[in-house]
Amino acid sequence: LQQARVYIPSVLRGEIWAAILGVEPLLEAVRVYEGIDLTQPTASDRQIAVDVPRCHQYHSTLASPQGQRMLSNILTAWVIHHKHCVYWQGLDSICAPVLTLLFASEALAFCTLKAVVA
């Protein structure tokens with residue numbers, strides 16, 4: 001673990017985690033993510049809308065309007081993609097470090113969350 005901190009640049013850590021988890025390559029992740037209709041209403045919309053603004057205020061990136069929008073989008077996409085599942089409190093806490101590591105790509109962050117919480 002100590003060597004990983006030294007030899008893996010922080011800007012690559014999210015992509016490396018995605019690769020370790022077997023997440024599809026970026027272009028495929030974008031295709032999968034863009035194929036999800038985020039405007040589709042779900043039974044979890046209200047809970048996501050309540051949880052996202054009040055959670056992760058300690059982290060400036062996640063507390064920002066862009067961070068909250070991305071977190072909400074990824075959680076909504078996860079619920080839509082996993083039709084047999086519902087959002088639960090705590091899923092945002094699993095998503096938060098994934099999004100922090102992969103903030104440059106909402107699609108890759110979604111696909112990584114999908115791999116972590118299958």
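How many salt bridges does the count come to by the rule used here? The count comes to 4 salt bridges, a salt bridge being a side-chain nitrogen of Lys or Arg within 4 Å of a carboxyl oxygen of Asp or Glu. The structure is a predicted model, in which local features need pLDDT of at least 70, side-chain atom pairs count only at pLDDT 80 or more, and totals for chains, interfaces and linings use all residues. Residues are numbered from 1 along each chain as its sequence is written, and side-chain values use heavy atoms, with hydrogens and water left out.

The chain contains 8 helices and 0 strands, where helices (H or I, at least four residues) and strands (E, at least two) are DSSP runs numbered from the N terminus. Along the sequence the pattern reads α-α-α-α-α-α-α-α. The radius of gyration, taken over C-alpha atoms, is 14 Å, close to the 13 Å given by the globule rule for 118 residues, so the chain is as compact as a globular protein of that length. The globule rule is 2.2 Å times the number of residues to the power 0.38. Along the principal axes, the C-alpha atoms fill a box of roughly 45 × 30 × 20 Å. Of contacts (heavy atoms within 4.5 Å) between residues at least 6 apart in sequence, 70% join residues at least 24 apart.

Of the 118 residues, 41% count as buried; buried means under 20% relative accessible area, exposed over 50%, and partly exposed in between (1.4 Å probe, protein chains only). The chain exposes about 6,900 Å², of which carbon and sulfur atoms supply 60%. Accessible areas come from the Shrake-Rupley method with a 1.4 Å probe, and for residues only the protein chains shown count as cover.

Side chains of opposite charge can pair when their charged atoms come close. One of the salt bridges joins E24 and K114, at 3.4 Å from N to O. This pair links distant parts of the chain, with E24 in the loop between α2 and α3 (26-34) and K114 in helix α8 (residues 106-116), 90 residues apart. Both E24 and K114 are buried. In another salt bridge, E106 meets R69, the closest N and O atoms being 3.5 Å apart. Here too distant parts of the chain are linked, E106 lying in helix α8 and R69 in helix α6, 37 residues apart. E106 is buried because its relative accessible area is 15%, whereas R69, at 41%, is partly exposed. The salt bridge of R31 and E28 has an N to O distance of 2.4 Å. R31 and E28 both lie in helix α3, 3 residues apart, or about one turn of the helix. R31 has 54% relative accessibility and therefore counts as exposed, while E28, at 30%, counts as partly exposed.

A nonpolar surface patch of about 890 Å² is made by V11, L12, I16, W17, I20, L21, W88, I94, L101 and V116. Patches consist of residues with over 30% relative accessible area and no salt bridge; like charges are joined within 9 Å, and nonpolar side chains (Val, Leu, Ile, Met, Phe, Trp, Tyr) within 5 Å. The elements giving two or more residues to the nonpolar patch are α2 (10-20) and α7 (91-101), and the largest share, 5 residues, comes from α2. W88 is placed in the loop between α6 (65-81) and α7 and, at 36% relative accessibility, counts as partly exposed.

Most residues other than glycine have a negative phi, and most peptide bonds are trans. H56, a residue other than glycine, has a positive phi near 65 degrees. H56 lies in the loop between α4 (45-54) and α5 (60-63) and is buried, with a relative accessible area of 7%.
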